[in-house]
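Colleague: I am new to this structure and would like to learn how its features are read. Please take me through them one at a time, with the general idea before the particular case.

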Amino acid sequence: MASEESPMLVSTPHEAIYDRFAPDQKRRILFHVSFVGLLAMFIQVTFVPSIPRIAKDLDLTDAVVSLAFSISIFANAIGALMWAPYSSFYGRRTIYLWGMPFLCVGSCGVALSASLQSLLFWRFVQMFGCSGALSLGIGVIGDLYKLEERGTAIGAFFGITLIGYTVAPFVGGAATQYWSWRNLHYSIGAWGLLEMLFIYLSLPETSHPGTLGIDKLPSGRSIHIVWINPLSTLWLLRSPNLFAVMLASALMVNTIYVLVVPMAYTIGVQYGITNEAIIGAFFLPNGLGSFTGALIAGRLSDTVIRRLREKRRGAWCPEDRLRATWIGGLIIVPLSIGASGLITTYIGGPIGLALNILCLYANGVGVDSVTNPVNSYNVDVVHSRSAEATAACLASWSLILSASSALIIPSIERIGVAWTNTIAAVFAVIGQGIIFLTIRYGDRMRASIDVGFSTIENN
């Protein structure tokens, strides 16, 4: 792969392909796919505050109903791995349209559930339908924006999608408390139907001409059905570079889970908060921090790429983008998660609550200061399979975090909030160390196993 030693002039012939859409049209497409991602994030998180009420309505325990949350993580991983490779064959727009019916039907099924079995089944269908939204969205951005622009675009994408993560717990808690969790999921189904209509009417195909698998098949048949092994996407992670940044970013995202998953048992118990809507509102500062971090990190990573290329007279090193993670990964994330554990343990009253809110915000800023450059890096290094690289990363996150989430509450019960958070902070520092090694030895790591890395001529 051409990297540090590959000189580049101001532009390459390949860059002309990014002029297919006018800037205004690019922004409209970006907003459109970001809004689909917002819906996916909303669905994923809004279920959590409803668990106690669903358990009561179905005559089950909270622990049993929480299986639906684990099922949703599993469905998210499987769906992302399946939709992404098919988007490289049939196109982004087609796969968006294929996924939306699953979302709509699954949402209505969740609302109609009268037993645990039906709830788990329809929750899987619901999450399967929206699981490709993030990887497809990043794939679309990779299609539209050239190297020095896509970090900012991906930052805007995650900034918008994370609004869903920010408001979903509060909306879910408020709907459960004052309306009905069933009506909430009917509303989600209607929202998905509207999204499907908008995609059908206004979203163009963004894949580069001639790159889709279906374009390379004989044109005699009107319908082409192919089987693509969804697990083949994970094979991209045999690259040391992609595996390293996936693991490092998962350790960062884990700190969010350590803060928010047990919130009712940590902040809720310490400060006497029992109302579901109020507990859900404590997701807001973390989501707002993620929104801020995504926007800042995206632009910062593009700036780093531009300045270092200018310094090297046009030569491109893909790992330059990862240099934008230092402040977030080494300072903000470990300090915010560690401080929150100590504050929750030793500082009560309004002061402790206010400091915890500050830690939640800072953690969101720090985590997305790492994950945004990592997602942009994945697109940079395997541009032709950007959606698949993103899906492999997100699916691996889901599998890792589903396992770690199961350990959070038992850990808090056994060793306390302070020590649990401290352990998460140490793992975050280890994650940043992995990123440092990737920056330092990235060229050798890429040379060891080539998974079809991009060059400056085709990126």
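**Burial and charge**

Modeller: R150, at 0% relative accessibility, counts as buried, where buried means under 20% relative accessible area, exposed means over 50% and partly exposed lies in between, with a 1.4 Å probe and protein chains only. Please keep in mind that this is a predicted model, in which local features need pLDDT of at least 70 and side-chain atom pairs count only at pLDDT 80 or more, whereas totals for chains, interfaces and linings use all residues. Residues are numbered from 1 along each chain as its sequence is written, and side-chain values use heavy atoms, with hydrogens and water left out.

Colleague: With which residue does R150 form a salt bridge?

Modeller: The general idea is that side chains of opposite charge can pair when their charged atoms come close; here a salt bridge is a side-chain nitrogen of Lys or Arg within 4 Å of a carboxyl oxygen of Asp or Glu. In this structure D380 forms one with R150, and the closest N and O atoms are 2.8 Å apart. The two partners come from distant parts of the chain, with D380 in helix 15 (residues 349–381) and R150 in helix 8 (residues 147–178), 230 residues apart. Helices here are DSSP runs of H or I with at least four residues, numbered from the N terminus. D380 is buried as well, at 0% relative accessibility, and salt bridges with shared partners join R150, D302, R321 and D380 into one network.

Colleague: How many salt bridges does the structure hold?

Modeller: It holds 10, and another of these pairs joins D143 to R92, with 3.0 Å between the closest N and O atoms. This pair, too, links distant parts of the chain, since D143 lies in helix 7 (residues 133–144) and R92 in helix 5 (residues 92–112), 51 residues apart. Both residues are buried.

**Helices**

Colleague: How many residues of helix 7 are buried?

Modeller: Helix 7 is mostly covered, with 12 of its 12 residues buried, among them G137, G139 and G142. As for length, the expected span of a helix is 1.5 Å times one less than its number of residues; helix 7, with its 12 residues, should therefore span 16 Å, and this agrees with the 16 Å between its end C-alpha atoms.

Colleague: At what angle do helix 16 and helix 17 pack?

Modeller: Two packed helices are described by the angle between their axes and the distance between the axes. The axes are lines fitted to C-alpha atoms over the stretch in contact, and angles run from 0 to 180 degrees between N-to-C directions. For helix 16 (residues 386–415) and helix 17 (residues 417–448) the angle is about 130° and the axes are 7 Å apart. That makes helix 16 oblique to helix 17, because angles under 35 degrees count as roughly parallel, over 145 as roughly antiparallel, 65 to 115 as roughly perpendicular, and the rest as oblique. On the helix 16 side I408, S411, I412 and I415 meet V417, W419, T420 and I423 of helix 17.

**Core and loops**

Colleague: Which residues touch the most other members of the largest nonpolar core?

Modeller: A nonpolar core is a set of buried Ala, Val, Leu, Ile, Met, Phe, Trp, Tyr and Cys residues joined through side-chain atoms within 4.5 Å. The largest one has 99 residues, of which Y96, F157, Y165 and W397 touch the most other members. Helix 10 (residues 240–260) supplies its largest share, 13 residues. A second, separate core has 12 residues, including F47, I51, A55 and W181. Contact in general means heavy atoms within 4.5 Å, and, leaving aside neighbours within four places in sequence, W397 is in contact with M246, S249, A250, V253, T371 and N375.

Colleague: What is the phi of D59, which is not a glycine?

Modeller: D59 has a positive phi of about 60°. It sits in the loop between helix 2 (51–57) and helix 3 (62–65), and counts as exposed at 70% relative accessibility. R313 is not a glycine either, and its phi is positive, about 60°; this residue lies in the loop between helix 13 (283–311) and helix 14 (326–346) and is exposed, with a relative accessible area of 76%.

Technical notes:
Helices (H or I, at least four residues) and strands (E, at least two) are DSSP runs, numbered from the N terminus.
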